[in-house]
Amino acid sequence: MLRRLATSALLTLLLAAPGVRADGVNVGEASRLRSLVPAEQLEDSARQQYAQMLRSANAQRALAPEGHPELLRLRRISGRIIPFAPRFNPRASQWQWEVNLIGSKQANAFCMPGGKIAFYTGLTNGLKLSDDEIAIVMGHEIAHALREHARERIAKTQLTQLGVGLLGQFVGQGKYADAFNIGGNLLTLKFSREDESEADVVGLDLAARAGYDPRAGVSLWQKMAKAGDSGGFAWLSTHPAGKDRIREIERRLPEVMPLYEQAKNTTTRKG
């Protein structure tokens with residue numbers, strides 16, 4: 001009994017120690033700057049832009065119809081990842097998630113604020129992605145939405161425009177939030193390298209918990225690197241692939257592989 005109590009106490013101390021994780025990755029708190037941009041307004045803007053994009057794609061007969069095999073594949077993968085999203089952002093449990101496929105030579109994918117996901121056939125078919133690799137891409141894009149990188153990026157941009165004087169006067173109280181250009185063009189928003197690295201890490205965690213092999217992150221970026229040499233892959237313009245990125249993914253694998261192994265033991269893989 002005493003030995004069990006001592007072991008339990010030691011485990012508690014270890015888990016409480018800085019840098020020690022109970023399971024999965026630890027990326028800390030999201031940037032507080034995001035609070036300057038109202039989440040509800042940004043998500044509403046994203047919903048409108050997403051709906052307009054779907055209408056445009058449908059008018060061009062580029063929107064995959066219900067029942068399309070590749071669309072069903074994407075929704076099956078997202079259906080396994082999304083339940084773990086609230087772990088990184090409780091608001092995700094309230095989002096009206098959508099997943100759609102657009103026929104285009106453009107190799108791209110994104111998840112807008114509020115859980116609006118789109119993949120382009122130029123990415124899934126152009127690179128012949130496996131389910132595991134699609135899960136890595138999807139996890140990465142969902143991570144941007146969960147960590148609210150768009151809110152942070154818009155806030156930083158607007159603060160730069162407002163100037164140091166207004167920053168000092170208003171940031172602490174958030175009084176200038178209404179003056180922000182909440183909408184912007186969320187479809188072309190570019191994230192920083194720090195945001196991309198964070199999305200990589202969170203995406204690996206989400207994919208692993210859903211039962212997708214996080215080691216596919218390495219093969220994915222190897223494919224991306226080769227695709228970049230031949231040009232024409234839009235996803236690479238904002239997602240630079242390189243040896244450093246692959247090394248960082250490999251460094252993080254010990255944190256997420258146990259999640260994957262556990263998921264394999266508790267769920268039945270399909271497809």
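Trainee: Let's start with W95: buried or exposed?
Mentor: W95 counts as buried, because its relative accessibility is 7%. Buried means under 20% relative accessible area, exposed over 50%, and partly exposed in between, with a 1.4 Å probe and protein chains only.

Trainee: Thanks. And what kind of model is this, before I go on?
Mentor: It is a predicted model, where local features need pLDDT of at least 70 and side-chain atom pairs count only at pLDDT 80 or more, while totals for chains, interfaces and linings use all residues. Residues are numbered from 1 along each chain as its sequence is written, and side-chain values use heavy atoms, with hydrogens and water left out.

Trainee: Got it. Which residue forms an aromatic pair with W95?
Mentor: That is W97: the two rings are 5.4 Å apart centre to centre, with 50 degrees between the planes, a tilted pair. Rings of Phe, Tyr and Trp (its six-membered ring) pair if their centres lie within 6.5 Å; planes under 30 degrees apart count as stacked, over 60 as edge-to-face and the rest as tilted.

Trainee: How many aromatic pairs does the structure hold?
Mentor: Two. F110 and Y120 also pair, with centres 6.4 Å apart and planes at 55 degrees, so that pair is tilted. It links distant parts of the chain, with F110 in strand 2 (residues 109-112) and Y120 in strand 3 (residues 116-120), ten residues apart. Both F110 and Y120 are buried.

Trainee: How do strand 2 and strand 3 run?
Mentor: They run antiparallel, joined by four bridges. Two strands pair if DSSP finds at least two bridges between them. A109 stands opposite F119 in strand 3. The two strands form a hairpin with three residues between them, and G114 in the turn has a positive phi of about 90 degrees.

Trainee: In which sense do strand 1 and strand 3 pair?
Mentor: In the parallel sense, over five bridges. One facing couple is E98 and K116, the latter in strand 3.

Trainee: I noticed N100. Where does N100 lie?
Mentor: N100 lies in strand 1 (residues 98-102). It is buried, with a relative accessible area of 8%. Its side chain makes a polar contact of 3.5 Å with that of R75. A polar contact is a pair of N or O atoms within 3.5 Å; within protein, one must be able to donate a hydrogen and the other to accept it, and residues adjacent in sequence count only if both atoms are side-chain atoms.

Trainee: What else is N100 in contact with?
Mentor: Leaving aside neighbours within four places in sequence, the contacts of N100 include Y50, L54, L63, I117 and F119. Contact means heavy atoms within 4.5 Å.

Trainee: Switching topic: how many residues of helix 8 are buried?
Mentor: Helix 8 is mostly covered, with 13 of its 17 residues buried. G211 follows helix 8, with a positive phi near 90 degrees.

Trainee: Last one: how many helices and strands does the protein have?
Mentor: Eleven helices and three strands. Helices (H or I, at least four residues) and strands (E, at least two) are DSSP runs, numbered from the N terminus. Of the 271 residues, 48% count as buried.
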